[in-house]
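Colleague: I have the model open and would like to go through it with you. Could you walk me through the parts one at a time?
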Amino acid sequence: MTESAARGDRDLLRRYHDRGDLEARERLIEQYLPLVRSLARRYANRGEQLEDLVQVGCIGLIKAIDRFDVDRGVELTTYATPNIIGEIKRHFRDKGWSVRVPRGLQELNVRLSQLLEQLTVQLERSPTIAELAKAAGVDEEQVLEALESGQAYTTVSLSAPAGHGDDSDLDPLESLGQLEHEYEVSEDRAILAPGLKALDERERRIIHLRFWEGLTQSQIAQQVGISQMHVSRLIRRSLEKVREEIATGRNL
Amino acid sequence: MAPDAISLSIPHAEPYHGVARLVVGGLAARLDLSYEHLEDLQLALVSVLERDGYVVGPEATVRFLVQPGSVGILLGPVDPDTIRTDLDHEPADGVSLRRVLETLVEDVVLEEAEGRHWLLLGKRVRTAGAEADREGA
């Protein structure tokens, strides 16, 4: 990138960040669209349309533009590239379920999630694999395989509608209770931490309850109003997002 | 009493990490561990295995050590400096390695053997299956 182009970027970034100039933001997005397209092309032919991947990559680009710190002295390309790739990879991970996991396993995973809830209540403790297998009428290996298949699946975003075959019929937004605000205020440190900024409000809350309050998954599930398996997925996904966020920061 | 040991060597690449998770699952089924304990062990394992810079070299070795009352996961070889730095300092990112690991397992020990470093993650659990077997032997 030429010095004048880099200067042009910095001017646009300052106009957007300092003065909220949305036109400057739009121009940056347009300018970097070829970069998104070229990165998306690398991941095409894996069962996803190029245009879909470009759309996903654009989300990464927009996040990069929004989070970019003009005073850090790096070029936007350097910062945006891992963000765009990260978003595309996340997309593949999110879609992985339908792409890679056989339907039978998906269904068993959903059924296990429900059984996990029922057995936890019934036994007043977390069930064993054998107990889950018996309740599901399958053998232990199938339970393990179905649980492992769940790793290929991450949960819906906060704004996505419910009913994706997930373990909860609850609209995710409904699970955000009044305590949310209190939590946000009391946990400034965590919220301000760069790695945790990558998380949405519910993910931060769950991470806080697990790693600061020391609650078990079942206790968190009860408190947040979602299933234990859903809590498990959110914890894993959140830690992955934090790792990615930190890695992106370290690469700058 | 020497612990029962299960050793697994896998290419240190993301597609193979699921194999290590499945072994934890198999072990949990064998020992009749609860789902929560299985989750804790798997998450502790992947928190080290999947983070760049912890496990070094093209191959990761995961050794599961089972004895009455506990399951250990010996993982490596690891970069001791990176691990030590992340264990000893609460970084600004909030969710430090120590915080994650110590929530999930009771023991987090960096060990040296044969010139290489290994991270031992020990969890106290009710190993019903293993104990019954030993009693019956």
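Modeller: Let us start with helix α2 of chain B (residues 35-49), which lies across β2, β3 and β5 (116-124) of chain B and runs at about 15° to β3(B). Contact here means that C-beta atoms, placed from the backbone, lie within 7 Å, and angles run from 0 to 180 degrees between N-to-C directions of axes fitted to C-alpha atoms, for helices over the stretch in contact. Helices (H or I, at least four residues) and strands (E, at least two) are DSSP runs, numbered from the N terminus.

Colleague: What should I keep in mind about the source of these numbers?

Modeller: This is a predicted model, in which local features need pLDDT of at least 70 and side-chain atom pairs count only at pLDDT 80 or more, while totals for chains, interfaces and linings use all residues. Residues are numbered from 1 along each chain as its sequence is written, with chains lettered from A and ligands numbered from 1 in the order in which they are written.

Colleague: In what order do the five strands of the chain B sheet come?

Modeller: The order in this open sheet is β1-β2-β3-β5-β4, with antiparallel pairing, where two strands pair if DSSP finds at least two bridges between them. β1 (4-11) and β4 (107-113) of chain B stand at the edges with a single partner strand each, so one side of each has no neighbour in the sheet. On average, neighbouring strands are turned by 20° against each other, direction ignored.

Colleague: And how many bridges join β1(B) to β2(B)?

Modeller: Eight bridges join β1(B) to β2(B), residues 59-67, and the two run antiparallel; B:I6, for instance, has B:F64 as its bridge partner in β2(B).

Colleague: Switching to chain A, at what angle do α2(A) and α3(A) pack?

Modeller: Helix α2 (residues 22-42) and helix α3 (residues 50-67) of chain A pack at about 130°, with axes 8 Å apart. That makes α2(A) oblique to α3(A), given that under 35 degrees counts as roughly parallel, over 145 as roughly antiparallel, 65 to 115 as roughly perpendicular and the rest as oblique. Among the residues making the contact are A:L28 and A:Y32 of α2(A), and A:L53 and A:G57 of α3(A).

Colleague: Which residues of α7(A) are buried?

Modeller: In α7(A), residues 140-149, the buried ones are A:V143, A:L144, A:A146, A:L147 and A:S149, buried meaning 20 or more other C-beta atoms within 10 Å of the residue's own, all placed from the backbone. They pack against α5 and α6 (129-136) of chain A together with α1 of chain B.

Key. Two residues are in contact if their C-beta atoms, placed from the backbone, lie within 7 Å. A residue is buried if 20 or more other C-beta atoms lie within 10 Å of its own, exposed if 12 or fewer, and partly exposed in between; C-beta atoms are placed from the backbone.
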